[in-house]
Each structure stands twice: as C-alpha cells, then as structure tokens.
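User: I would like to learn how to read the packing and the sheet in this fold. Could we begin with the terms and then turn to the case at hand?

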Amino acid sequence: MRLVVAAVGRMKQGPERDLLARYRERIAKSGRGIGIQAIEVVEIAESRAADAERRRTEESIAVAQLVPDGAATVLLDERGEDLPSTSLAGVLQRWRDQGLPAVVFMIGGPDGVSPRLRDDAKLCLAFGSATWPHQLVRIMLLEQLYRGVTILSGHPYHRAG
C-alpha cells in the first residue's frame with residue numbers, strides 16, 4: 001500500500017521541511033516490513049482565482065486527480081475525528097489488510113476543500129479543535145503516520161502511557 005500526502009501550498013526551505021523529510025525517510029524505511037511500499041508528499045499550487053469558491057474548487061480538482069482507483073481518502077480538517085494514534089494505526093492496518101492500493105491524505109488550502117471532496121473522504125481527521133498552519137499539519141501527519149507504522153511493526157517508538 002502507498003501513502004500519499006496531497007497538500008495545497010508549498011513548504012518553504014528550512015527546519016520544517018527538514019523535519020518533514022526526516023519523518024518521510026523513517027516511514028519509508030520502517031514501512032517496508034509491514035506492507036507500506038512508498039510514502040509520497042505531493043504539493044499542489046494554490047489557486048490564484050479571485051474568489052474563495054473558485055480557489056476551493058480548482059484546488060479540490062487538483063487534489064482529486066491524485067487519488068488512484070481503489071484508494072481510501074483521508075481529509076485533514078479541524079472538524080474531523082480526533083483519533084488516538086493507536087486507532088489511526090488500526091485504520092491503516094485494516095485498509096492494508098483489505099488490499100487497498102493507496103491511502104491519500106488530503107490537506108486543503110486556506111479556503112478548505114469542496115463539499116464533494118469532504119463527502120467522498122473515507123475518514124475526516126483532526127489534530128484537535130485548534131486551527132493549525134498547513135506546514136505544521138503536514139509534519140504532524142507524517143509523525144502520526146510514522147508512529148502508526150511503528151505501532152504496527154512492534155517498534156518501541158510509541159509507548160502507551
């Protein structure tokens with residue numbers, strides 16, 4: 001199974017980008033042993049349309065085009081479910097065991113995503129009720145994916161407390 005993070009906007013050079021790369025490498029190395037073949041982070045240019053609805057539509061179309069047939073989609077949204085790490089790991093395990101080719105994690109732009117993209121998502125996920133900068137959401141997501149991989153592989157990174 002492939003993991004794809006489709007994020008609207010660009011991550012600037014600097015420590016945040018370095019941390020994102022570090023988690024991506026960790027997922028790639030640890031995931032092979034449990035059936036995670038690849039982790040990709042795809043950046044989508046923000047729309048330059050004048051109105052928010054048009055920007056949301058254009059960006060949502062670009063995100064939707066990255067979803068392969070048969071993939072599960074997860075929308076990152078402050079109104080989504082706030083899952084414990086072990087539950088997210090369980091969701092990944094279930095989808096992997098069902099033979100899904102990919103899971104696409106979608107991070108919309110400042111104007112959000114289209115209602116259709118939200119409605120079609122298998123899971124809507126939040127990292128608490130706070131609004132987070134998109135760059136931090138990417139890092140938090142990759143950390144949680146790495147944590148999920150280590151939970152599934154029995155690695156001691158995640159310690160239940």
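Analyst: Contact here means heavy atoms within 4.5 Å, and helices (H or I, at least four residues) and strands (E, at least two) are DSSP runs numbered from the N terminus. The model is predicted, so local features need pLDDT of at least 70 and side-chain atom pairs count only at pLDDT 80 or more, while totals for chains, interfaces and linings use all residues. Residues are numbered from 1 along each chain as its sequence is written, and side-chain values use heavy atoms, with hydrogens and water left out.

User: What covers the buried residues of helix 2, and which residues are they?

Analyst: Buried means under 20% relative accessible area, with exposed over 50% and partly exposed in between (1.4 Å probe, protein chains only). In helix 2 the buried residues are Arg55, Arg56, Glu59, Ser60 and Val63. Seen down the helix axis, they fall within an arc of 125 degrees, and therefore line one face of helix 2; the arc is that of the directions from the helix axis to the C-beta atoms. Their cover includes strand 1, strand 2, strand 4 and helix 4 (115–120).

User: In what order do the strands of the sheet lie, and which of them stand at the edges?

Analyst: Strands of a sheet pair through backbone hydrogen bonds, either parallel or antiparallel. By the criterion used here, two strands pair if DSSP finds at least two bridges between them. Five strands form an open sheet in the order 2-1-4-3-5, with parallel pairing. Strand 2 (38–44) and strand 5 (123–125) are at the edges, each with a single partner strand, so one side of each has no neighbour in the sheet.

User: How many bridges join strand 1 to strand 4, and how many pair strand 3 with strand 5?

Analyst: Strand 1 and strand 4 run parallel and are joined by six bridges, with Ile107 in strand 4 as the bridge partner of Ala7. Strand 3 (residues 72–81) pairs with strand 5 in the parallel sense over four bridges, and Leu76 stands opposite Leu125 in strand 5.

User: Is strand 1 largely enclosed or open?

Analyst: Six of the seven residues of strand 1 are buried, so this strand is largely enclosed by the rest of the structure. Strand 1 also pairs with strand 2 in the parallel sense, over seven bridges, and the bridge partner of Arg2 in strand 2 is Ala38.
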